[in-house]
Amino acid sequence: MSNRSEPLVPHFDRLPEPEQIGQMATWLAQAGLESLELCNEAAGLKLRVRVERAAPAATCPHAPPAAQSDVTAGWVAVKTPYFGHLCLTHPQRESAFAPVGAKVAQGDTVALLTLDRMQLPVPAPVAGTVVEVTGQAGALVGYGTVIMQIQPD
């Protein structure tokens with residue numbers, strides 16, 4: 001976690017340089033997002049950045065997957081409810097929230113998403129056993145990214 005006092009999104013009082021806009025577009029694509037809009041009505045400024053998906057959802061690791069479960073195995077995907085950096089271990093205990101083989105109840109926290117100082121839980125969608133962890137610790141993930149699979153009870 002950072003001890004920075006500056007906001008995550010800086011004050012928008014002038015148009016960013018082209019390389020800054022390019023960096024924003026890169027971050028959007030990495031997070032699996034399609035657009036970002038910044039507004040400062042007092043200064044009469046509005047910036048909208050949109051990115052195109054370069055690959056279909058099935059091949060892009062940050063894109064929301066189309067299917068909810070793996071039909072052949074009967075597994076249920078755990079998807080991220082927001083975007084951020086994936087944390088698979090408890091920050092105070094250094095133990096994994098839900099390693100392969102762990103039994104989880106519906107609603108249990110199986111991971112955290114961290115964005116600046118904010119941490120959001122990723123809940124288990126069903127009760128069962130974790131059979132696969134596909135998310136990489138520390139990776140920037142987008143909304144709807146599959147991070148693990150659960151075999152329902």
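Author: Strand β5 (residues 84-87) and β10 pair in the antiparallel sense, over two bridges. A strand here is a DSSP run of E at least two residues long, numbered from the N terminus, and two strands pair if DSSP finds at least two bridges between them. The model is predicted, so local features need pLDDT of at least 70 and side-chain atom pairs pLDDT 80 or more, while totals for chains, interfaces and linings use all residues. Residues are numbered from 1 along each chain as its sequence is written, and side-chain values use heavy atoms, without hydrogens or water.

In β10, Leu-140 is the bridge partner of His-85. Both strands belong to an open sheet of four strands, in the order β8-β7-β5-β10, with antiparallel pairing. β8 (118-123) and β10 are the edge strands; each has a single partner, so one side of each is left without a neighbour in the sheet.

Thr-145 counts as buried because its relative accessibility is 4%; buried means under 20% relative accessible area, exposed over 50%, and partly exposed in between, with a 1.4 Å probe and protein chains only. A polar atom of the Thr-145 side chain lies 2.8 Å from the backbone oxygen of Gly-142.

β11 also takes part in strand pairing: five bridges join β9 to β11, and the two run antiparallel. Within this pairing, Glu-132 stands opposite Gln-149 in β11. Strand β9 (residues 128-133) is also joined by two bridges to strand β6 (residues 103-104), again antiparallel. There, Val-104 stands opposite Gly-128 in β9.

Val-104 returns in the largest nonpolar core, which has 15 residues; Val-78, Leu-86, Val-104, Val-110, Val-122, Ile-147 and Met-148 touch the most other members. β7 (109-115) and β11 each supply at least two residues of this core. A nonpolar core is a set of buried Ala, Val, Leu, Ile, Met, Phe, Trp, Tyr and Cys residues joined through side-chain atoms within 4.5 Å. Leaving aside neighbours within four places in sequence, Met-148 has contacts (heavy atoms within 4.5 Å) that include Val-78, Val-110, Val-130 and Glu-132.

Conventions: A polar contact is a pair of N or O atoms within 3.5 Å; within protein, one must be able to donate a hydrogen and the other to accept it, and residues adjacent in sequence count only if both atoms are side-chain atoms.
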